[in-house]
Every structure is written in C-alpha cells, then in structure tokens.
Amino acid sequence: MGYEELPLLYSVCEVAVAILAIVGNLLVVATFVLERRLRRVTNLYIISLATSDFLVGLVGVPSAVMARLGLPRHAFRVCLLMLSVLVLLCTVSILNLVAVTLDRYWAILHPFCYKRTMNRRAAGFVILGCWFLGTIVGLLPLFGWNNGPEENGNCKFIPVMHYDFLVLIFFATIVYPALLMAFCYGRIYAVVLKQLRQITALEQQLPRNGSGNSEANHRNSSRHSNRVPGSTSSSERSLHRNLQRVQSPDGTPDVRPQQASKREVRTAKNLAIIVVFFMVCWMPLYTVNCIQAFCSRCQVPVWLVDVFIVLSHANSALNPFLYAYHMSDFRKALKQRFCCGDSEEGKCIFRKKPRSVEMESLSAPALSKMASKMANAKTGFTDLT
C-alpha cells in the first residue's frame, strides 16, 4: 500500500487526536507537578495514566499511521518493535485504570487498613509494577511470539502478530480487567449507598428544636451507630464512628459525614465514567483484531477498522477532558495555572509579573547618588539657558 492510499479523513483525525493527546495530558502532568496539593495517592495513578496517554499521542499514533501504510518495509525488527510499543502503551493504560479502581475499592471498603498501609512509596511500587508488567506483555512479540515477516515486506499488525498473542492481550488487557472493574465499582456503590441510607436515618433522630435534649440524643445516636445490624466491615465501622460527631456541641446538625460519603460517590462515578469510556474505545478494535486473526475469510470494511483505530486513540486524547470536567481539584488547578482566572498572585505561569524594585536601589548611597545626578542635570540645563 502506498502513501497515496492513506485516506485523508483518517490522516486528519489521527493528527488531531495526537495533538489533543499530547497537549491535554501534558497539561495534566504539568499541573500535578506545579500543584503540591494535588499530590495525593489516588492522583499518582492518574498521573501515571496521563503519562501513558501522552506517549500514545507522541509515539503510538505516528506508529499506527506508519503501520496503516505498511511501513517500515523490509525492516522486520523495527516493525516488530513499533507494533510492540503500541501494545505496551495500551496495556500500561489499562493496568493503571485497574490500579485506580483497586485503590478506590480499598480506600472506601477498608479505610483503616488503607490509611495504615497505602502511602506514596507503596503507590510508587504499584505504578512501577504496572509499567513493568505492561512492558513484559507488550514486548512478548520481540521474544519470538510473532508470525515472522510478510513476503512483500509490509509491516501490518494482524499478519505480524501471532494469533495466540492476540487472544492473550484481548482477554488479559480488556475482558478480565473489565469484569474486575465492574465488580469493584458494583461493591463500592452498594456499600456507599448503604452508608448514605444509614446516615440519613440517624440524622432524622437528631433534635430539631433547642439543645435541651442534645446530649441525650447524641448518646442515643452514638449507641445506635455502634449497634447497626450487619456492620462488620471496616468501612462501616468507620462510618459509625464518624456518626458520633454528626451533632455539633451547640446542638445543630453537622453534615460533614454525609458530605464525605457523597464525595466518595462522586469520585466513584467519575472514575467509572473513565473506565467505561476506555472499554468503549478499545473493545471494538480488539474484537475486530481477533476476528481477522482467526477468520481469514471474514472481511471487515477498511473504513470501519480505521474508525475503531481512531476511536482507540481518542481515549488517550479525551481522558484529560474527563479529568478537568469531573474532578474539581484538577479543574481548579488548571484554571489557576493556565487560564489565570481568579488565581492567586504569582501562581499563573502566563500572567506577566510586575517588575520588582530591588532593595539596593532604595539604599542611602543609591539615593544620594541619584540626587547628585539630578542636581548636575538641573545645573547643566540652567547654564545652557
């Protein structure tokens, strides 16, 4: 296939996706580096995901376009390395999403154990494990798991990759992680919604008028929160301990536990949207790859394959917009750092800083020298007149 056979619409879409992926993910990484308050454990996994998406735009998309053209020709080792990098980046992205899901699952269902165990160092080891495992899976074709070079010397993904390897990456990086994420988010929703119902029921028992019975009601709510049927998990024990502080000393309701639980619900929803979006983007392409690998007579329209390829790359380009839209901390930091809207002075990197006057220029010798120059200038002007 020659260069003239590359569809124009496909080329334009790939270039646009690559630019969005590079710029968008670079902004996310830069914001994380500049904002210290964003360096929480969960955000470490998100930054790892943004890094892999950035590499998809920088390396993956150009490699896919070259493979679409059958390039490089008669350079099988280079071709195999290029295609392996594509698989590597995809595998690392899905492993990062699995890590984010398991982190939220552990933090919400087992908060005490999570707080004792999970820290930056532990998260760093998990992230390194994701990249290491993704690298091993992605580079397997380089160690012999391939079909060898084509007779015409073209570099095409399906003919080069071995059938068994395609099945492995389909189930290991798409199907099984999807089932695991669905289970984790299902459990998260079930537990958090149960907690919200318990909080609502207990808040209704708080005194509404005056503070005469506040102490008695506070003891009643504390006893009730410690004896909720079926409260055996650490997440529920944490909730019931927090319910002892549902009422403020002045007798007014304190909704901070409910607000905290609602924040966890929003976090779970936001991350679930990212996961579902990833599956929608990648599942069609891998399904078509498996069909073409095992059924040589099954013809899939070329334009449909191109759509699935662009859709898979669009996942990496649109992930930063999901973060900016759904995660308030990233959205606020992006606005402060790069949009310069309502930002604290000195934070926006694009705002022109006023010139500061050095203290040396205000010292006594400097002022004396300046006065002498002014006097000389005035005298000279008088003599000329």
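**Ground rules.** Residues are numbered from 1 along each chain as its sequence is written. In this predicted model, local features need pLDDT of at least 70 and side-chain atom pairs count only at pLDDT 80 or more, while totals for chains, interfaces and linings use all residues; side-chain values use heavy atoms, without hydrogens or water.

**Stop 1: the whole chain.** Show the protein chain as a cartoon. There are 13 helices and zero strands. Helices here are DSSP runs of H or I with at least four residues, strands are runs of E with at least two, and numbering starts at the N terminus. Of the 385 residues, 44% count as buried. Buried means under 20% relative accessible area, exposed means over 50%, and partly exposed lies in between (1.4 Å probe, protein chains only).

Now switch to a surface. The chain exposes about 21400 Å², with 64% of it supplied by carbon and sulfur atoms. These areas come from the Shrake-Rupley method with a 1.4 Å probe; for residues, only the protein chains shown count as cover.

Turn to contacts, meaning heavy atoms within 4.5 Å. Among those with a separation of 6 or more, 77% join residues 24 or more positions apart.

**Stop 2: the nonpolar cores.** Select Y45, L83, L97, M181 and W282. In the largest nonpolar core, which has 80 residues, these five touch the most other members. Helix α3 (residues 76–109) gives the most to this core, with 17 residues. A nonpolar core is a set of buried Ala, Val, Leu, Ile, Met, Phe, Trp, Tyr and Cys residues joined through side-chain atoms within 4.5 Å.

Center on M181. Beyond its neighbours within four places in sequence, M181 contacts I94, L97, V98, T101, V275 and M279. Next, select A18, V56, V61 and L89. They are among the six residues of a second, separate core.

**Stop 3: the disulfides.** The whole structure holds two disulfides, counted as cysteine sulfur pairs within 2.5 Å.

Select C79 and C155. They are joined at S to S 1.9 Å. The link is right-handed, with 85° about the S-S bond. C79 sits in helix α3 and C155 in the loop between α5 (120–138) and α6 (157–160), 76 residues apart. C79 is buried at 2% relative accessible area, and C155 is buried at 0%.

Move to C295 and C298. This pair is also joined at S to S 1.9 Å. The link is right-handed, with 70° about the S-S bond. C295 is partly exposed at 24%, and C298 is partly exposed at 33%.

**Last stop: two further cysteines.** Select C13, partly exposed at 30%. Then select C113, partly exposed at 28%.
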